[in-house]
Structures are given as C-alpha cells and as structure tokens.
Amino acid sequence: MARTPQIVGQSPLRKEGKAKVLGRAQYVDDITLPNMWFGATVRSTIPRGRITSIKFDPAIPWHEFTIVSAADIPGENTIVHLAKDHPCLAVTHVNHVEEPILLLAHPDRAVLPAAVAAVHIAYEELPAIYTIEESEKKEHIIWGEGETANTFKTYLMQKNQTPIPDEIWQEADFIVEGEYRTGAQEQLYIENNGVIAEYDPESGVTVRGSMQCPFYLVHALTLVFNLPAEKCRVIQTETGGAFGGKEDFPSVIGSHAALLAMKSGHPVKLCYDRAEDMAATTKRHPSRTRHRTAVSKDGKLLAGEIDFAIDGGAYATLSPVVLSRGTIHAPGPYLWPHITVRAKAMATNIPPHGAFRGFGAPQSIFALERHMDKIAKTVGLTPEELRRRNLLSTGDRTATNQLLSDPVDMQHLLTKALRDSNYHAKRRQFDHENPTSTIKRGIGFATFFHGAGFTGSGERRLNSLVEIELTPEGQPRILVSSTEFGQGTNTILCQIAAQTLHLPYDQILIAQPDTTHVPNSGPTVASRTAMIVGKLVERAAQSLRNTLLASSHLSDNYSTQDFRRAALRFLAQHGPLKAEARYESPGNIFWDDETYSGEAYPAYAWAVYVAEVAVDTTTYAATVTSFHALQEVGKVLHPILATGQIEGGIAQAIGYALYEKCLWRNGHLTNNQMTNYIMPTSADLPPIHVTFEETPSPHGAFGAKGIGELPMDGPAPAILNAIEHATNIAFNEIPLLPEDIFERMTATPDSGTEDLNPAIAGPVFSEATA
Amino acid sequence: MKRLLDVLREDLQLTGAKEGCGEGECGACAVLMNGDLVNSCLIPALQVEGARITTIEGLAIDEKLHPIQQCFLEEGGAQCGICTPGMILATHHLLEKHTQPTLLQIQEGLNGNLCRCTGYMRIFEAVQQASLVGTAK
C-alpha cells in the first residue's frame, strides 16, 4: 500500500486562489466577446397595475436598438422555478415594482440608461399589498384564487400526525406566547448579477455568467426558447459571491440576455449595476412567527404550536422550499412530545424574495431561540437550564419523527461553548456592572441545528451525477456542475479526489462548469456540496482507481509518475476513460411529503453560539463585542476554508441582526445603495472564535456534513438574547437598529423594564411604518 | 467623461479593478494613485493625467506573487475573490504607512473595502502575516 499523504483535513491552497490574488480571475464583466452588444431592462415603476400604453420618446434613435418584448419569446413566457406563475416579461399586468417589461440592446453601453428612461409606460393602477397581514386579509387578491388566494404554499407539520390534545393546554403549568419578526435581507454579493448570451440558429443558446446552478438556467432556457436541453448551453464564470442570490435569479437575467442575443444577432452582455441589482433581484424572505408553548413548572416542553409565515413577494419562485426548510427547523434541537407547525408563504407586491443562505431556517430559528429565553424567564429557569432539560440527544426523535441514530451531544456542546466564552462569569460581571454604567453589557446564546442536503426526498429526485475523466495528459479531472463562488467547492472536491486516488492535491484538475461538458451534480445550495457531491466525487474517484488497478497498467503501490504512465497507457489502449458515481439514497432514509414526517435530512450540524454585546445608552447603538461559535459539523475537510465559512456567515448574520434594513415605500426599495444599506465593515465586527467538533457522518465524504448555512442561523437570536440580558428589554424583531432601541428605552417612564406598553412595539416591516 | 475605472477596464483591458457599487462605498475598484489608495470609480479620467497608477496587475512580478498576495492565498484571505484586488492594494497602502499595524489599524485601514464572504477575520490574518514577512516593497 502506498503511503498516502493526508490531504483531507489539511488546508492546501485554494484551487483558483492564485488567479484571484493576481486579479486575473475572469468574472463575467471582465469578458468581452467580438461584436458584443450591451443589454438593459425596462421595468415597472408601479407595484401593481395594468399596462395601458407603451410610448417610445422620439428623441432616441430607436432604429439603433434591439427591443425585445414578450411577443418575441419563441417558447413559454415563464421563468420556471417550481411553478409557472412568473413571466419572463410582463405582458398586460405588472405585480411588483421593477418587474421587467421590455429589454433593450445597443452596441454602446453608455446610451442605454437614457434609452430606458425614454420608454414611457402608462398604467391603470390596481391596489397593492405589502405585508403578510395585508396578504392574509385577502381584501385584494393578487395571486391565486380560492384556497390558494395570496398563498403560494402551506404546510401542516404535526408530530405523529396528531393534533395537540386539549388537556395539555389545560394542565400545563405555563402557556407562553410570543411573536417574532425578521426583515428582508439583501445578499449583497460584491459582484452584481450578470451574464453574456449568444444565439446561433443552428447550435442554440449559450449563456455564460455569474451563477450557482447552471442546470437551473438550462431548464429555464428550454422553456423560454422551446429548445431541447442540448441546445441550451450554460457556462459558469468566476462568481463574485452568491449566498443564494444567484440560485434562482440567473434564470431571469440569463433568459433576458439570451432573448436580446437572438433578436440582435450579437452576443449581449447584461450586467446590472448595484442600484438595479438591489432594487430588482431577490432578498431573504421577511417572516412572522407566532409561538404558543405549554411548559411544565420544571421546564419541560409539553407542546408547541408554531405559526410560521413568510412574505414571498409577487411570484412563487422558491418560496415553497424556503418555507419547507423554515418549517422543519422551527421546532429546533428540542424534544417536543407534541408539536404542530402551521406554515404559509404569502404573496405581496414586493419584488419576489428568493434564496439566501439558511433558506427559511434563520427566520424560524430566530423566533424559537428568542422564545426559549422567554420561556426560561417565565418558568424561572436560566436560559441554559431550560435548554438542558429539552435538548435532543442520540436516540431521540425529532419533530418529523426522525430517529437520531448518529451521535448527538448538545449537552456537551453547550457546556463547552459556555465555558469557552466564559459565559457564567461574564453574566455575573455584567449584572454587577450594568446598574452603574451607561454602557449596558450582556451575553446570550442560541442552540440550534441545520440539516445538510436537500430536504426529504429532494436528493433522490435530484439524482445527481459526478464524473472524473482522464485528460489526454493522464491527469484526473473532476466534472461537476457544482460551482465555486468563494465557499471552496473546487478545493474540497479536489482534496477528496486526491485523497481517494492517492495522488497529490495539485495533480487533480476540476473543469469549469459548462453544461455541455459536465454532468448535473445538482445545484450548489443547501449545504449539500461537501456532503452529497463530495461523497459522489469520492465514489467516482474510487471507481477510476479501481478501473486503472484492474487494467494491469497500475499496481497498488504507485507514485504520481506511475499513475500518469498507467493513465496514458490505458488511454492509448482503450480510449477515453470517465468514471462516474450517481446518488444512491441510503436505504434507511424515508420521507413522506404528505405528512411531513420521516428523515428530513440525512445529517444535521449542531451548534451553540454565544454573543457578547454592549448597548450604549447615549447613542442607543448595540455592538457585538465578542462572538464564540462552537459547532459539530462532521469531518472538517479544510480547516481554513471551513473557519472562513463560519466567520463570513456570522458577519452576515450580525448584519442581519443589527445593521441591514430594507426600507420599502409603495413597494419600492428606497435604500438600494451601499451608501444607505449598511453591511458590516472590517471595523464593525468583534473577534469571532470558531471551534469545530468532528463526529464523522456516514453520509458525507470522509464524514463531512454541511456547514455553509449554519452560521446564518444562530447569531441573530444569540445577539438579541444578549441585548435582553444587557437592557432587560425583550426585542423580538430584527434588524434591531439604534432608533428601535431608542424608541423602546425612552418610550415609557419606567424605561428599561419588560413591562412596556405592548402597543409600543419594535420596528414593523410594513408600509405603515416605513 | 470616463472614470479612471473605465479607462483601466475598457481602454487598457486591466480588469483586475472591479466595479462593485460605482459610488465609492465598496472599494472593489481601489487602486493606488501616486501612492494613495483611491476608488477608481470616483476619479474622473482628467484627474489622472501624469499620475502614477498601480493596479493589482502591477503588484506581482511575472509569475511571482507579491508577499501580500502570497499571504492572502495562504491564510484564506480570498474567498470569492471579487474584493481581493482592492483589498490587497488597501493592505499594500496600509503596510506602507504602518509596517507593523495593530489590529485596530488593520480594521481602520481596510474599512473602505467591503468583503461579504470572509467576515474579514482571514483577511486580518493575511495582513498580519504579510507584516511579519515585511512586505511593503
């Protein structure tokens, strides 16, 4: 047996890192094709209405432009995600501000803004709705009818499919109720959405650009162009951040650019600027969660009712699946004898919300972890003790009745996280200091889990395929549609292949995702790449190795040179070699979409996050001063990348909790600039201490589970729990800005107590208070 | 009038400087102008006449990475890479001013360059490593 250097678990250099630090990595806007034109989008300026006329200002030389309307669409006028409700271009009606109506292309990028402004569209305005509450009233039906009026999707999840018995409520020592809200959040990748499209009557459509899921765009193009998939080619270019914001949206911008390319006869580049990207593309779903919990006096959760509602915006897009993940994560890592979750995704006349890291889970986990602190207070236990009495452990069953057969030790994680953060001593210290200080300090935490991979039967439906080929030079090259957008896909997949093939890391190549050359390994979402795709890479690499070993060109104890020589001999003798691995559902995974029960996820990552805050009672600003993140994520494939994922996610989540607020007015995002939508800078973040525990999972490559979304879940509730400790005020809505703290702390004569007038709520994300 | 960013990207095909916001907030287009860190999206072309401009393309000599680039690569300071050219030039500028910067000086020196991926912690590591190897030249 050859000595195999350990590559998995080490931190080799990021595969495409050199090109990135040199500034040579080619993002879509860095690419220029011969005879390329530029595209722009004419959008709705009203939230809802009927288009009555479109006039073109005669001052513009329109003959120089290509103008595309819905009438130019050769196939279906739809952007397909899960439903076909979302038009590619509006025809008679618009349902949100910034809805695309016409597309323009011109050889000179500079003339486009004036041309867009010179298209005058008149509307008959219809009443619009902007909040979950307005949508629920159904006074104005903007989507669907009857049962589905204004409702994209509903779920009912009940443990054991039985309702909560009435006597539980009658006999409980405490019934604790609470309402929790989260706002929209912009992904704010630093590279905006952008693509370049080409069209050829023979070979079809080619779109290259910034994206997470090339095959999603292929699917969208097949419908818009009425072409077979093999005539819809999609190539991912280097992608400057995504976070979910380039999961579903590239289907829109990609279809648009391709239509312009078809009609103009030129390659067309369509790259949004920041203002357009922020105003028109998807954000995280705003949410409202209502909890009603029956608790015994010794702090045991007896039953929980959770009403979870998200604002999906004007079209369904991915809302049903965002809702699904939020629903399944709503009960958290606790043992519930009885639980009912009622969930719904509602329609509003806001630009459609979409995927963003965490995908519904940060919303429902925020509510639960704030609610757990409220229950603790009501029952008279510490937040720690309440959780200790209810945490899931090995052998328990989750709310979906999934048996936790892999080891789970949340008690240990809690002990360790509180010890590492010096939680108890700090709590005492702040309690002692706060009464005499203008800076109120606090410490709080959240305990949570995040399921890795697609929900339920999703992976089985995806049926992902991975290939590894030998290049003509005899080097293994991984072929996947899984994309790199900063998280480290290229690097970890090459580590897995190198380890499995007993070759050095730098011998492994990975192909650019181009749908004519790579198989569909599924979308790059849902914390599935390391676990699911990684495992397939491992299996494909094993298969490649076995083929070469069986060919007699390679013997067991080989060097890099031996491998290369054997590969060349094999290629000369047998022709091209491609090893493949297709997803196989583990036999013990069962999920029922009807009853929402079974194995919701193959594996979960478990975490305890501790936040320390300071609230300045002069400025009313809350600042996170220290952050400890402890998580059990299975095998850590690449410690530097994994740590970077957690730190980056926590930074986004600190923004979600304290800085990032989408301000809507009549359905317009009014702060669609980096100047007034504030994300954390290098000066705004505390030291972030990241610690991993590793309990390898049988489902992932070398035991890896998912980590990408996990850090988005815990920080916001941990921070607000800490702020409650600091101020003794329960804030239950994010983002929590200084003005919100000011309002609550100065709203009553007895400022700083819990007993405030309930009418003086925190911020409400609605038209009424915008 | 063209902005310095347009001159670099469109006329000189130096696409290392990126446009993130077009209003001087994100620093993805940062370059050095006569040794000062500027957002090239805010500089009209006429102001650049006679100025010495250093872009990311001018930092490495042939294939040999500048020590700051090497440290960003090794410490995980680049994830998606879109802010990286500006961030590396900001680091270069910072280390010219402070050869051994404190954490606070690093945080302040880079706070005009937004990164959405890293949470900045790996970038701080990279800057500290770069200061240890003594890089500014």
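**Entry 1: domains of chain A**

I looked up the domain assignment of chain A and got domain 1 (17-25 + 464-582), domain 2 (32-126 + 188-280) and domain 3 (287-455 + 597-769). Domain bounds here come from an automatic or database domain assignment. The model is predicted: local features need pLDDT of at least 70, side-chain atom pairs count only at pLDDT 80 or more, and totals for chains, interfaces and linings use all residues. Residues are numbered from 1 along each chain as its sequence is written, while chains are lettered from A and ligands numbered from 1 in the order in which they are written.

I then took domain 2 and domain 3 of chain A as a pair. Their C-alpha centres lie 36 Å apart. The contact takes 23 residues from domain 2 of chain A and 25 residues from domain 3 of chain A. Two residues are in contact if their C-beta atoms, placed from the backbone, lie within 7 Å. On the domain 2 side I noted 11 nonpolar, six polar and six charged residues. For these classes, Ala, Val, Leu, Ile, Met, Phe, Trp, Tyr, Cys and Pro count as nonpolar, Asp, Glu, Lys and Arg as charged, and the others, Gly among them, as polar.

**Entry 2: helix 14 of chain A**

Next I checked the length of helix 14 (residues 489-501) of chain A. Helices (H or I, at least four residues) and strands (E, at least two) are DSSP runs, numbered from the N terminus. The helix has 13 residues and should span 18 Å at 1.5 Å a residue; its end C-alpha atoms are 18 Å apart, which agrees. The expected span is 1.5 Å times one less than the number of residues.

Helix 14 of chain A is mostly covered, with 13 of its 13 residues buried. A residue is buried if 20 or more other C-beta atoms lie within 10 Å of its own, exposed if 12 or fewer, and partly exposed in between; the C-beta atoms are placed from the backbone. Just after this helix, A:H502 takes a positive phi of about 60°.

I paired helix 14 with helix 15 (residues 529-550) of chain A. Their axes come within 8 Å and cross at roughly 35°. Axes are lines fitted to C-alpha atoms, for helices over the stretch in contact, and angles run from 0 to 180 degrees between N-to-C directions. The crossing is right-handed. That label applies if the near helix is turned clockwise from the far one by less than a right angle, and left-handed if anticlockwise. Helix 14 of chain A brings residues including A:I492, A:I496 and A:T500. Those it meets in helix 15 of chain A include A:V533, A:V537 and A:A541. By class, this contact has 10 nonpolar, five polar and two charged residues.

**Entry 3: loops of chain A**

A:E98 has a positive phi of about 75° although it is not a glycine. A:E98 sits in the loop between strand 4 (93-94) and strand 5 (100-106) of chain A. It counts as buried because it has 22 C-beta neighbours inside 10 Å.

A:F702 is not a glycine either, yet has a positive phi of about 50°. Its loop runs between strand 27 (688-693) and helix 18 (710-713) of chain A. A:F702 is buried, with 22 other C-beta atoms within 10 Å.

A cis peptide bond joins A:I734 and A:P735, with omega about 0°. I placed A:P735 in the loop between strand 28 (733-734) and helix 20 (738-745) of chain A.

A:E64 lies in the loop between strand 2 (49-56) and strand 3 (66-68) of chain A. With 12 C-beta neighbours inside 10 Å, A:E64 counts as exposed.

**Entry 4: chain B**

Chain B is divided into domain 1 (4-58) and domain 2 (67-133). I found 19 Å between their centres, taken over C-alpha atoms. Here 12 residues of domain 1 of chain B are in contact with 12 residues of domain 2 of chain B. Strand 1 (residues 30-33) of chain B gives the most to the domain 1 side, with three residues.

Then I looked at the contact between the chains, which takes 40 residues from chain B and 39 residues from chain A. The largest share of the chain B side, four residues, comes from helix 2 of chain B. That side divides into 19 nonpolar, 13 polar and eight charged residues.

Last came helix 5 of chain B. It has 13 residues and reaches 19 Å from its first C-alpha to its last, close to the 18 Å expected. Its buried residues include B:I123, B:F124 and B:V127. The buried residues pack against helix 17 (639-658) and strand 27 of chain A together with helix 2, helix 3 and helix 4 of chain B. B:G134 follows helix 5 of chain B, with a positive phi near 65°.
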